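Thank you all for making time this morning. I would like to walk you slowly through one structure, so please have the sequence and the model open as I talk.

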Amino acid sequence: MHIREQIAAHRSIRRYSPQPVPDDILRQILEAGVCASNTGNMQVYSMIVTRDSHLKQQLWEAHFKQDMVLQAPVLITFCADVRRFGKWCAARKAQPSYRNLLWFCNGSTDAVLAAQNVTLAAESFGLGICYLGTTLYNAASIIDILNIPPGVIPVTTLVMGYPDEQPPLTGRLPLEAVVHCDVYRDCSEDDLSRWYAATETSEQAEKLLQINKKETLAQVFTDCRYTHKDNVRMSEAYLQAMKQQEFM
Ligand SMILES: Cc1cc2nc3c(=O)[nH]c(=O)nc-3n(C[C@H](O)[C@H](O)[C@H](O)COP(=O)(O)O)c2cc1C
């Protein structure tokens with residue numbers, strides 16, 4: 001399959017067969033991860049591959065008991081990591097200054113670029129993946145479970161394995177909603193109505209309105225899925241994890 005067709009066929013997989021991922025395939029996938037562009041070619045990230053069932057059980061709790069964490073044979077936690085590079089500097093009579101917000105951002109960028117390369121490679125082998133945002137929500141637990149030292153912090157996670165479902169593709173906003181020509185052009189209410197029309201009138205939206213007893217789909221996001229209270233609490237928890245890991 002051509003790479004563009006493969007990208008267009010992407011869907012998150014949340015049900016997995018127990019079939020393990022062969023070591024040589026996993027290795028090729030991880031090698032694709034490290035081919036990604038990265039900050040100054042310093043590779044300020046790490047990928048923690050977890051297959052141990054006892055650890056996966058603990059990670060399942062940390063990831064809000066999402067069952068795919070138990071089902072998928074492989075879990076990869078992508079971390080911003082300035083520790084390895086900092087230790088190399090210190091051992092070479094150089095003074096590292098990478099435990100700060102700027103290098104958290106650089107490390108996170110590196111980690112996410114590697115994760116998306118891993119995704120594309122995995123999908124090229126017929127494997128499925130799903131990202132786990134719960135990595136940010138519960139970073140402190142993941143740090144404990146995976147024995148993550150200062151200078152390293154989890155940014156995102158992929159579950160990976162052979163799919164046991166073929167969900168429909170999810171829609172995207174039209175390209176004009178996300179692409180700006182030359183400079184940023186703010187959107188009007190008319191633009192919003194046009195761009196969100198397909199999403200707002202979908203069967204899925206109808207269901208969500210009924211289940212959550214809401215008037216608009218936007219309210220499902222703000223009042224049910226990603227609430228102010230949770231956002232503030234989890235932001236504070238992640239900032240605390242950044243302090244604990246000495247990024248601030
Ligand atoms: C950073 C990030 C975090 C995500 N976290 C979760 C998650 O915790 N649980 C989940 O079921 N899906 C998660 N997803 C998957 C998204 O819901 C999914 O990518 C989006 O709905 C688009 O669907 P698609 O990937 O099937 O095209 C996450 C995706 C990203 C990029």
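Let me begin in the loop between helix 3 (53–62) and helix 4 (68–71), which is where Phe64 lies. Please keep in mind throughout that this is a predicted model. Phe64 has a phi near 55°, which is a positive value in a residue other than glycine. Is Phe64 buried or exposed? It counts as exposed, because it has 12 C-beta neighbours inside 10 Å, and the cut-off for exposed is 12 or fewer.

A second residue of this kind is Gln43, which is found in the loop between helix 2 (23–34) and strand 1 (45–50). Gln43 is not a glycine either, and yet its phi is positive, at about 50°. With 17 C-beta neighbours inside 10 Å, Gln43 counts as partly exposed.

The 12 residues of helix 2, at 1.5 Å a residue, should span 16 Å, and the end C-alpha atoms are 17 Å apart, which agrees. Which residues of helix 2 are buried? They are Leu26, Ile29 and Gly33, and because these residues cover an arc of only 60° around the axis, they sit on the same side of helix 2. The face turned away from that buried side carries Asp24, Arg27 and Glu31, which are exposed. As for what covers the buried residues of helix 2, the list includes strand 1, strand 2 (74–81) and helix 6 (101–124).

Finally, I come to the ligand. Which element gives the most to the shell around the ligand? It is strand 3 (residues 128–132), with 3 residues. The residues around the ligand include His10, Arg11, Ser12 and Arg14, as well as Gln66, Cys130, Tyr131 and Leu132, and also Gly133, Thr134, Thr156 and Thr170. Sorted by class, this shell has 7 polar residues, 3 nonpolar ones and 2 that are charged.

How values were computed:
Residues numbered from 1 in each chain as written. Predicted model: local features only at pLDDT ≥ 70, side-chain atom pairs only at ≥ 80, totals over all residues. Near = placed C-beta within 6 Å. Helix = DSSP H or I, 4+ residues; strand = E, 2+ residues; numbered from the N terminus. Nonpolar A, V, L, I, M, F, W, Y, C, P; charged D, E, K, R; others polar. Buried ≥ 20, exposed ≤ 12 C-beta atoms within 10 Å, placed from the backbone. Expected span 1.5 Å × (residues − 1). Arc of directions from axis to C-beta. Contact = placed C-beta atoms within 7 Å.
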